[in-house]
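User: I'm new to reading protein models. Could you walk me through a few features?
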Amino acid sequence: GETSGALLHLLRAGVATVVSDVGTFADYPETVVARTKATPGEAADLGPILRSLVEGAGRREALGLAAREYV
């Protein structure tokens, strides 16, 4: 299967990352990435996901730490 090198670079750097729930991105644990169920062209849940990361330093930090450990 195909894996995104760009995503792995972000996760290794501990960056809280939002991914679409498709392909190999769907295989990453919810503790490692923030996931949107939106399909291309619709982003109804993207705003709340991004807001939760901007306003929730604890969530953002936890995702970053988990991502770094995962990679």
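User: Which residues is Val-33 in contact with, leaving aside neighbours within four places in sequence?

Analyst: The list is Leu-11, Thr-17, Val-19, Tyr-28 and Leu-63. Let's follow Thr-17 from there. Thr-17 is found in the loop between helix 1 (5-12) and strand 1 (18-20). With a relative accessible area of 7%, Thr-17 is buried.

User: What does Thr-17 touch, not counting residues up to four places away in sequence?

Analyst: Thr-17 touches Leu-7, Leu-10, Leu-11, Val-33 and Ala-34.

User: Which backbone oxygen lies 2.7 Å from a polar atom of the Thr-17 side chain?

Analyst: That oxygen comes from Val-15. A polar contact needs N or O atoms within 3.5 Å.

User: How should I read the confidence, and where is it lowest and highest in the chain?

Analyst: As a general idea, where pLDDT is low, the predicted coordinates should not be read in detail. Here the chain averages a pLDDT of 88, and 96% of the residues score at least 70. Confidence is lowest in strand 1, with a mean of 89, and highest in helix 3 (residues 57-70), at 94.

Key:
Residues are numbered from 1 along each chain as its sequence is written. This is a predicted model: local features need pLDDT of at least 70, side-chain atom pairs count only at pLDDT 80 or more; totals for chains, interfaces and linings use all residues. Side-chain values use heavy atoms; hydrogens and water are left out. Helices (H or I, at least four residues) and strands (E, at least two) are DSSP runs, numbered from the N terminus. Buried means under 20% relative accessible area, exposed over 50%, partly exposed in between (1.4 Å probe, protein chains only). A polar contact is a pair of N or O atoms within 3.5 Å; within protein, one must be able to donate a hydrogen and the other to accept it, and residues adjacent in sequence count only if both atoms are side-chain atoms. Contact means heavy atoms within 4.5 Å. pLDDT is the predictor's confidence in each residue, from 0 to 100.
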